[in-house]
Amino acid sequence: MWSMLKNGVFRRLWCTQTLSSVGDEIRNWAILFWVFAEADQAVFYRTALLFAQMLPVFIMAPLAGTWVDRRKPKKVLQATLVIRAAMSFVLAGLIWMEQVPLLLVMLAFTCTVQQFFQPAISKLTVTAVDNEDYGTASSSVKTVDTLISLAGPAIGAFVYQWWGASTSLIVDGFCFIAGSLFILSLKVSPAPLAAPSDSGPATSFWVDVLEGFRYIFASALTKRLFIMLAVMGACTGAINLLNIYFVVKELHLDQNYLAWASTAGGIGMFAGALGLNLLGAKFKNYVRINIWGAAVMTLGLLLLTLSFGSWSMLLSRVIIGIGISLLSITLSTLLMTYVPENLLGRVGSVFEGGPLATNMLSYLFYGWLYVYTGARLIFGISTMLFFMAFLLALSLQSVLSPARRVRAEQQEFISPSQ
């Protein structure tokens, strides 16, 4: 990681990403704490809060990625940071006035703007980092993001308890302002745009949106990666939904073990990200590391299914966390390596929305199935699903060479839509 930070452009992007992640944690926990402490019908508003945060990702991610592909990513990134800072101050005012419904609407708008952030910063990273360093760059960001996620509840609770919800959101706004300052003097070579100008026909935007989906399913590599990511979303959805029932009702453990299980998963994610950050530069074969990640995830799910005590359950969560980090980092690295730069925004955004869609569907399906089967059997189903994903990961080696020809074929692929 430290060697990557010697790159001035990447260092600025890394600092911006870190400040954005800290700001998101402060905002999310401040609003969550305030809703439970102050708002009436807390259960209803908790559900509304989840939808306000998740629906923008599901609906806007492909559109945001296409927009970024058609604009200069530096300007988009700067605009998202400034708007999110302004919205943090608006949210602080709404909390002060105790306007919960309007706060949820504005939070959904903030999360919508947030969807433009990751595609823009990914495209800028591609221009700032050499091809062979994509994996190290991804793991550097993932390592810090995981640390922030682990520390998020503590950071959010500390800021909330000392300054209250409104002031927490003002602090959140200044995080985004500080991030935008790192981007002001950022100098990168301009990325190619998917459209020749902003004056093209209105329908071309929607053609570009569809082109992101078409590219994913036209390439054997991206199609298999997308399926793997969707399976991962369904499996993690099962764990998130049913872990409380598994721990309390089937393992007969105290509810405190729920927090320990989440901590164990976070430790595993951090260990996987840090290990890949330190060793990934030596291996370089991210397809093979992806296979290892799928194997580790399958092993962790199997151990979780067969757990009959606290230690095996906690160990399984550590292993699952390692697998999640290995898979998420290698998937993003393979996208940056093999997807044409002028398609990276929309393709990456579809990859971001895919696991969320399967996650939400898994909540519905597994919630219905749990009544008839129990959590252990559903974890067993997830294990079999991920074993098939492991076999799919093995097959990536056979399509690696065609994937390398994608760059040579991209003009032929793109030309019909231009």
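**Aromatic rings, notebook**

I looked up W368 and found this residue partly exposed, at a relative accessible area of 49% (buried is under 20%, exposed over 50%, partly exposed in between, with a 1.4 Å probe and protein chains only). The model is predicted, so I kept to its limits: local features need pLDDT of at least 70, side-chain atom pairs count only at pLDDT 80 or more, and totals for chains, interfaces and linings use all residues. Residues are numbered from 1 along each chain as its sequence is written, and side-chain values use heavy atoms, with hydrogens and water left out.

I then listed the aromatic pairs and got nine (rings of Phe, Tyr and Trp, the last by its six-membered ring, with centres within 6.5 Å; planes under 30 degrees apart are stacked, over 60 edge-to-face, the rest tilted). Y245 and Y370 are a tilted pair, because their planes stand at 40° with the centres 5.0 Å apart. Y245 is in helix α8 (residues 220-250) and Y370 in helix α12 (residues 344-373), so this pair ties together parts 125 residues apart in sequence (helices are DSSP runs of H or I, at least four residues, numbered from the N terminus). I noted Y245 as partly exposed at 32% relative accessibility and Y370 as buried at 19%.

F365 and W368 also make a tilted pair, 5.9 Å centre to centre with 40° between planes. Both lie in helix α12, three residues apart, about one turn. F365 is partly exposed at 43%. I found F365, Y366, W368 and Y372 in one aromatic cluster.

How values were computed:
Helices (H or I, at least four residues) and strands (E, at least two) are DSSP runs, numbered from the N terminus.
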